[in-house]
Amino acid sequence: MSIIKNWYKNVYHKLFHLDDRLLLIIAGICVGICSGLAAVALRLSLEVVLEWLHPFRHYWWAFLLPAIGALLSSLYLEKIAREGAGHGVPEVIYAVSRYGGLLRFRSSYSRLISSFLTIGSGGSAGPEAPVVMSGSSIGSSIAKFLGLNDRQRITLVGCGTAGAIASIFNAPIAGLVFSIEVILGEWKFVNIIPIAIAAVAGAEVSQAIIPEQILFNHQPFQVGASDILPSICLAMVTAMISVLFTKILRQTAKIAKKSFFPLWVRAVIGGSTVGIMAIFIPVVLGEGYHFIQSMISGTFSMSIFFIFVAIFGKIFATAMTLGWGGSGGIFAPCLLIGSLTGIVFHKALFSLFPSIECASEGAYALLGMTGLISGVMQAPLTGIFLIVEITSGYETILPLIVVSSISSTMSHYIDPASFYFKELIERGQFLRPGTDARILADLNIRELIETSYIKVSENMVFRKFIEILKTSQQNFYPVIADETGEYKGVIQISTIRKYALDPGMYDMIFLNQIMDTEVMTASLENDLQEVLDIMDIDNVDSIPVVENDKFIGMISKTMILDLYRRELIMQTSVQ
Amino acid sequence: MNYKLLHIFRNTPFGRETFFQSLYFCKTIDAYPVVYIPKNDKFLMYFSNDAVQIDLDHSYLTSPATAKSHAEDLFNEMDVKPMFYEPKNFTASSLPDISTNFDYLCSPRSVSDLSSKIGLGHIGPKVRRIIKQATFPILITSPVFKPWKSISVFFGGSKNALNALKLGLKIAMSSGLPLDIYTLLERKDETYYRDLIKEDGVEEPVSQLTKQWHFYKKSEFDTMLYDVPHNSLIVLGAYGHGIIKDILLGSKMEKIQSTVTNNLLITGPYCAISL
């Protein structure tokens with residue numbers, strides 16, 4: 001028995017501990033399958049409920065359906081799941097950057113249910129962000145179950161994201177790229193393989209359960225060099241629409257938060273607004289994939305004016321759905337708004353230059369989708385690979401790259417924060433790997449405190465202090481109250497020279513007369529960025545750390561730099 | 001010492017009792033209470049291997065306008081300097097992250113159910129998860145303020161129990177209160193337990209600080225609980241046997257907490273105590 005145990009331990013250690021790649025690949029497959037199943041479950045349930053509700057959409061009271069869905073969704077999230085509304089992607093990025101990918105288990109199902117209620121009833125949102133949240137949480141939970149470390153857990157969160165996106169769009173490369181470009185923010189060899197395998201597992205699960213699944217049927221497009229210039233112009237338009245979309249989404253959410261209505265009332269208001277809008281602009285309802293399909297295949301028959309109105313209608317409807325208490329993501333709205341923008345652009349181009357030779361409306365719908373995805377997420381690769389994969393439109397790859405690059409660059413120029421990052425940047429919590437902010441956030445002030453400091457009494461006579469000086473190397477001497485042990489101030493060598501050079505003063509002054517009480521202090525609650533800010537304000541290299549009026553130690557820039565270097569090496573080393 | 005205890009303040013008469021208990025605990029062991037007055041009905045605690053969302057019952061948000069002044073009054077009544085905790089990070093706008101850099105956490109038996117409903121009946125699932133993940137001991141208070149005058153350590157010989165013993169010794173050292181050890185002889189004899197503490201290097205402080213080491217036969221569990229003075233702080237380890245054994249046999253700590261009205265100080269499996 002002991003031989004078997006030893007053999008098992010030996011094999012386990014060799015396979016999983018010496019090199020964790022195999023462990024991550026195996027775990028990644030499990031995560032990919034589970035997140036793929038979650039995505040397929042949401043997709044199938046949405047198809048069922050949308051079909052079931054379709055006959056009722058012709059009744060006068062149909063405008064109430066999105067309101068009822070949003071109401072149920074908000075009540076479920078607030079009262080049962082006890083989570084916030086919205087799409088949840090910033091929460092995943094935040095967990096990855098600050099807490100080693102730790103996510104709550106409840107997130108693996110709560111957003112699926114709430115977005116099912118919102119989108120199924122007609123709310124203007126997409127199912128992709130909820131499945132990202134769900135997949136990431138599945139990855140995090142599996143990592144917790146296996147007792148993995150932070151780095152391994154982050155990889156599995158990436159696997160969950162990739163598996164979910166790959167499954168819902170049947171697009172494994174887009175899943176891999178989105179996971180690394182948006183969620184993890186770092187291209188590391190050690191991450192790429194498990195995430196790629198998870199993406200394939202997610203896509204395979206989707207294929208196995210829904211074999212006929214093709215999101216958008218492939219249409220042959222004739223794209224030539226003459227399309228490059230119009231593509232550049234379209235990219236500029238999509239960049240502006242992206243910025244406008246992001247701003248409206250955020251402003252609407254802010255207005256909703258400022259309102260005095262409880263969440264469920266807000267959700268009803270948002271849902272009924274979408275319902276009423278849908279009477280006049282049906283395109284605003286739900287995820288809108290069938291409208292996108294008709295645009296790609298060139299059978300979309302609205303006039304340019306109505307399409308133009310539909311773009312802003314969809315933007316407003318999405319903002320009312322997500323900002324006012326509904327649940328869902330912005331992928332699908334981006335695709336719809338992008339394709340509408342592409343169609344409008346194409347129609348406008350032909351009305352201005354009737355003899356121009358360029359690709360069909362469908363090709364411009366694809367380009368518009370790429371432009372919007374790249375602009376809103378500022379993730380150019382995701383934009384390119386997603387559209388190529390979901391439409392099989394490889395012949396449009398060159399203009400797609402042009403549109404994606406220009407749109408993401410231009411929207412970044414207008415507003416440096418993408419939709420997913422904006423909230424985190426505003427809260428000062430956007431901590432990408434390898435950045436100053438991330439490294440400083442990963443260091444703990446307790447690791448940097450030098451505690452071996454000689455403390456001196458406030459009632460100590462200066463002569464006695466001079467005796468201490470002779471044998472000590474310190475530049476700072478914390479002054480402590482005799483009775484209470486409280487920190488009173490600090491003696492800095494640089495400021496007491498005049499007394500030290502005058503032996504006549506040695507017996508005449510006490511330390512409480514010459515100590516510096518104005519030196520700013522740090523506490524154990526401060527993070528290192530705050531400590532550095534305090535040092536910069538005071539223009540000093542060391543400051544005392546004081547907690548509950550007690551001196552804990554000194555913290556210096558030298559120590560911070562030393563640990564910063566070590567952490568940087570660790571974070572950027574090839575694993 | 002610079003130990004800090006986190007107390008989640010509840011602005012109700014029951015919350016006042018719990019807070020008094022925290023203040024008394026801190027005064028006795030020379031620690032500092034830090035009060036968090038919740039502004040939302042939930043918060044998150046990120047431990048090293050788990051993110052625990054604490055859903056507070058609605059009584060935690062009672063009269064927010066008076067909560068701080070009430071807490072300050074109670075601080076002053078016990079002559080302790082008021083210290084309040086404000087969360088810096090937020091996972092979502094209504095979901096603050098509460099630091100886990102504390103040395104103790106005070107908790108009622110449940111934070112998600114009204115305590116009036118549960119009495120001593122059960123320990124809430126959130127409190128259970130905190131104990132299982134926390135790297136610091138959890139103070140589970142008696143329902144009403146009850147100053148404790150001695151320390152009772154339940155020592156069963158496990159790694160967790162050794163931690164609890166060290167914690168008991170630490171508290172005895174800082175408070176100067178007498179310490180008793182209670183051991184249920186489940187499979188081994190007395191010498192086994194004495195050898196355990198010898199191996200762990202705590203024999204000397206145990207002999208110096210312990211008033212009496214009580215041994216009971218396996219069948220005398222209830223007698224042992226009755227023998228523990230009602231005004232004693234019970235220190236014990238929890239959830240140290242692994243998930244399967246806990247499911248099959250149940251948690252001994254949970255049995256104890258549902259029987260005694262004493263204040264309990266619990267060390268979970270991730271809690272590391274050094275003397």
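Modeller: Let us begin with one residue, bearing in mind that this is a predicted model. Asp562(A) is partly exposed, with a relative accessible area of 31%, because that value falls between the 20% limit for buried and the 50% limit for exposed.

Biologist: With which residue does the side chain of Asp562(A) meet in a salt bridge?

Modeller: The general idea is that side chains of opposite charge can pair when their charged atoms come close. Here the side chain of Asp562(A) meets that of Arg566(A), with 3.1 Å from N to O. The two residues are four apart in helix α25 (residues 557-572) of chain A, so about one helical turn separates them.

Biologist: Where in chain B do Glu190(B) and Arg194(B) lie, and how many residues apart are they?

Modeller: Both belong to helix α6 (residues 190-199) of chain B, four residues apart, which is about one turn of the helix. Elsewhere, salt bridges that share partners join Arg82(A), Arg106(A), Asp41(B), Lys42(B) and Asp55(B) into one network.

Biologist: Which helices does the salt bridge between Glu91(A) and Arg111(A) link?

Modeller: The side chains of Glu91(A) and Arg111(A) meet at 3.4 Å, N to O. This pair links distant parts of the chain, 20 residues apart, with Glu91(A) in helix α4 (residues 89-98) of chain A and Arg111(A) in helix α5 (residues 107-120) of chain A. Glu91(A) counts as buried at 6% relative accessibility, and Arg111(A) counts as buried at 2%. Over all chains, the count comes to 29 salt bridges.

Biologist: Turning to helix packing, at what angle do helices α8 and α9 of chain A pack?

Modeller: In general, two packed helices are described by the angle between their axes and the distance between the axes. In this model, helix α8 (residues 172-184) and helix α9 (residues 189-209) of chain A pack at about 135 degrees, with their axes 8 Å apart. That angle makes α8(A) oblique to α9(A), and their crossing is right-handed.

Biologist: Finally, which residues form the nonpolar patch on the surface?

Modeller: The patch is formed by Ile29(A), Ile33(A), Leu37(A), Leu44(A) and Ile209(A), with about 360 Å² of accessible area together. Helix α2 (residues 21-53) of chain A gives the most to the patch, with four residues. Leu37(A), which lies in helix α2 of chain A, is partly exposed at 42% relative accessible area.

How values were computed
Residues are numbered from 1 along each chain as its sequence is written. Chains are lettered from A and ligands numbered from 1 in the order in which they are written. This is a predicted model: local features need pLDDT of at least 70, side-chain atom pairs count only at pLDDT 80 or more; totals for chains, interfaces and linings use all residues. Side-chain values use heavy atoms; hydrogens and water are left out. Patches are made of residues with over 30% relative accessible area and no salt bridge: like charges are joined within 9 Å, nonpolar side chains (Val, Leu, Ile, Met, Phe, Trp, Tyr) within 5 Å. Accessible areas come from the Shrake-Rupley method with a 1.4 Å probe; for residues, only the protein chains shown count as cover. A salt bridge is a side-chain nitrogen of Lys or Arg within 4 Å of a carboxyl oxygen of Asp or Glu. Buried means under 20% relative accessible area, exposed over 50%, partly exposed in between (1.4 Å probe, protein chains only). Axes are lines fitted to C-alpha atoms, for helices over the stretch in contact, and angles run from 0 to 180 degrees between N-to-C directions. Angles under 35 degrees count as roughly parallel, over 145 as roughly antiparallel, 65 to 115 as roughly perpendicular and the rest as oblique. A crossing is left-handed if the near helix is turned anticlockwise from the far one by less than a right angle, and right-handed if clockwise.
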